[in-house]
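Me: Please pick one part of this structure and walk me through it closely. I would like a connected account, with cut-offs spelled out as you go.

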Amino acid sequence: MAPLLVQLLTTLLARIRLSWRDAARVGMVALLLFTAAARLSPAIVRDLAAMVPPPFTGNVGLVYLTGILEALGAIGLLIPRFRRPAAWCLIVLLIALFPANVYAALEGVQLRGSAATPLWLRTPLQILWIATLWWSTLARERRPAAVGSIER
């Protein structure tokens, strides 16, 4: 739940100065850096490695790799030239990581002494994050038609 709170609070704070699309993208940057920091933290990396489904269960290297990829993707969202490729890569990463969340929920993997996020909550969160990346970075902004123009 902490990543969602980080995302929402950052988005609302960014909205003070930015459009909703830009603020949502900044919120995703904060969320991704927050989760990347967890993946790169020696204090939690073993718990996260336990979430990795077989045959890679316990592979700390994969956890570190995904943390690095998340951080790089977050930074990419801030650089206009890399924004779109970063968003695509992050969407692929979120989809690729979802089986670990399923495995953790179904197998009762403990994260810092607490149960993994249940699927009834994790699934909509993953969809929300993918949709936010899409809307804030990849979707074309619709511009209102000029008065008297004919739309085709």
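Reply: Happy to; let's start with a charged pair and follow the helices from there. Arginine 39 and glutamate 70 are both buried, where buried means under 20% relative accessible area, exposed over 50% and partly exposed in between, using a 1.4 Å probe and protein chains only. A word on the ground rules: this is a predicted model, in which local features need pLDDT of at least 70 and side-chain atom pairs count only at pLDDT 80 or more, while totals for chains, interfaces and linings use all residues. Residues are numbered from 1 along each chain as its sequence is written, and side-chain values use heavy atoms, with hydrogens and water left out.

The side chains of arginine 39 and glutamate 70 form a salt bridge, at 2.8 Å from N to O; the term asks for a side-chain nitrogen of Lys or Arg within 4 Å of a carboxyl oxygen of Asp or Glu. Because arginine 39 sits in helix 2 and glutamate 70 in helix 4, this pair ties together parts that are 31 residues apart in sequence. Helices here are DSSP runs of H or I with at least four residues, strands are runs of E with at least two, and both are numbered from the N terminus.

The whole structure holds two salt bridges. In the other, aspartate 22 meets arginine 25, with the closest N and O atoms 2.4 Å apart. These two are three residues apart in helix 2 (residues 20-39), so about one helical turn separates them. An α-helix has 3.6 residues a turn, so residues three or four places apart point the same way. Aspartate 22 is partly exposed at 30% relative accessible area, whereas arginine 25 is buried at 8%.

Helices 2 and 4 also bring us to helix 5, whose buried residues pack against helix 2, helix 3, helix 4 and helix 6 (119-138), contact meaning heavy atoms within 4.5 Å. Among those buried residues are Leu90, Ile91, Leu94, Leu97 and Asn101. Helix 5 (residues 83-107) has 25 residues and reaches 36 Å from its first C-alpha to its last, close to the expected 36 Å; that expectation is 1.5 Å times one less than the number of residues. At leucine 97, helix 5 bends by about 25 degrees, and proline 99 follows within four residues. The bend is the angle between axes fitted to the seven residues ending at a residue and the seven starting there. Just after helix 5, glycine 108 takes a positive phi of about 70 degrees.
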